[in-house]
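Thank you for making the time this morning.

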Amino acid sequence: MITFVTSLYKPEEYLDDYLGCLSSFSRDFSRMASGFEVVIVSNDTSLSTRAKLERFIEANNASSWLRVVDVPRESLYASWNRGIDLAKNDIIGFWNVDDIRYPEATADAVKLIKENGAELIYFPFIIKWYLKFFGCAFLVKRRKIVPPVFYKRE
């Protein structure tokens, strides 16, 4: 149904949160719909990142829906294209390591594509800016971005 592509390069700062979100997403989305996968293209993978990914796959029984491909360092777009080539599903989305994806929105997007023939889905999103001070991150700005209505002609 849907494939998410994630490109990793030195993801250590965000990897634990990403894997936590991925675990929650997989559990919740599986209750709503079926047929999703995540393809992680891991660039110049460190031993610690590789170990975390392997532990995650085993702990979450994720080998059926998560694939990790180790590659030498390549550009983001090369990694995305690699992930698209490896995708098993006909709907593709991108999930950056510092993003959060919501299963309800994903299920809505899949429905809009499958039932309404939509070719592109983009939902509102929230950007948060943090200031790091003495090892602590403080939220300094939060902004909700609502994309304008898409008009192909424009």
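Before that, two remarks on how to read what I say. This is a predicted model, in which local features need pLDDT of at least 70 and side-chain atom pairs count only at pLDDT 80 or more, while totals for chains, interfaces and linings use all residues. Residues are numbered from 1 along each chain as its sequence is written, and side-chain values use heavy atoms, with hydrogens and water left out.

Let me begin with the fold. The chain has four helices and six strands, where helices (H or I, at least four residues) and strands (E, at least two) are DSSP runs numbered from the N terminus. Read from the N terminus on, these elements follow the order β-α-β-α-β-α-β-α-β-β. Along the principal axes, the C-alpha atoms of the chain fill a box of roughly 45 × 40 × 30 Å. For 154 residues a compact globule would have a radius of gyration near 15 Å, and the chain, with 17 Å, agrees with that; the radius is taken over C-alpha atoms, and the globule rule is 2.2 Å times the number of residues to the power 0.38. Of the 154 residues, 31% are buried, and here buried means under 20% relative accessible area, exposed over 50%, and partly exposed in between, with a 1.4 Å probe and protein chains only.

Now to the aromatic side chains. The structure holds 12 aromatic pairs, and rings of Phe, Tyr and Trp (its six-membered ring) pair if their centres lie within 6.5 Å, with planes under 30 degrees apart counted as stacked, over 60 as edge-to-face and the rest as tilted. Why is the pair of Phe56 and Trp65 edge-to-face? The ring centres of Phe56 and Trp65 are 6.2 Å apart and the planes stand at 90°, so the pair falls in that class. Both Phe56 and Trp65 are buried. Another edge-to-face pair is made by Phe133 and Phe134, at 4.5 Å centre to centre and with 70° between the planes. In that pair Phe133 is partly exposed, at 48% relative accessibility, and Phe134 is exposed, at 75%.

Phe56 and Trp65 also belong to one aromatic cluster that takes in Phe4, Tyr18, Phe25, Phe29, Phe36 and Trp95. Tyr18, a member of this cluster, lies in helix α1 and is buried, with a relative accessible area of 0%. Tyr18 and Phe94 are 76 residues apart in sequence, and their C-alpha atoms are 13 Å apart in space.

One ring has a charge over it: Lys141 lies over the face of Trp129, at 5.1 Å from the ring centre. The criterion is that NZ of Lys or CZ of Arg is within 6 Å of the ring centre and within 35 degrees of the ring normal.

Next, the largest pocket, which holds about 1500 Å³ of space. Which residues are the closest to its centre? Of the 37 residues in the lining, they are Asp99, Ile100, Arg101, Phe125 and Ile126. β5 gives the most to this lining, with six residues, and other elements that give two or more include β1 (2-9), α1 (12-32) and β6 (136-145). By class, the lining has 25 nonpolar, two polar and 10 charged residues; Ala, Val, Leu, Ile, Met, Phe, Trp, Tyr, Cys and Pro count as nonpolar, Asp, Glu, Lys and Arg as charged, and the others, Gly among them, as polar. As for the term itself, on a 1 Å grid over the protein atoms alone, a pocket is an open set of points where a 1.4 Å probe fits, with protein on both sides within 12 Å along at least five of seven lines, and lining residues have an atom within 4 Å of a point. Grid points are joined across faces, edges and corners, and the volume is the space filled by probe spheres set on the points.

Finally, some single residues. Most residues other than glycine have a negative phi. Lys10, however, has a positive phi of about 50°; Lys10 sits in the loop between β1 and α1 and is exposed, at 60% relative accessible area. Asp44, in the loop between β2 (36-43) and α2 (47-59), likewise has a positive phi, near 45°. Asn43, in strand β2, is buried at 2% relative accessibility, and its C-alpha atom is separated by 5.4 Å from that of Pro72, 29 residues apart along the chain.
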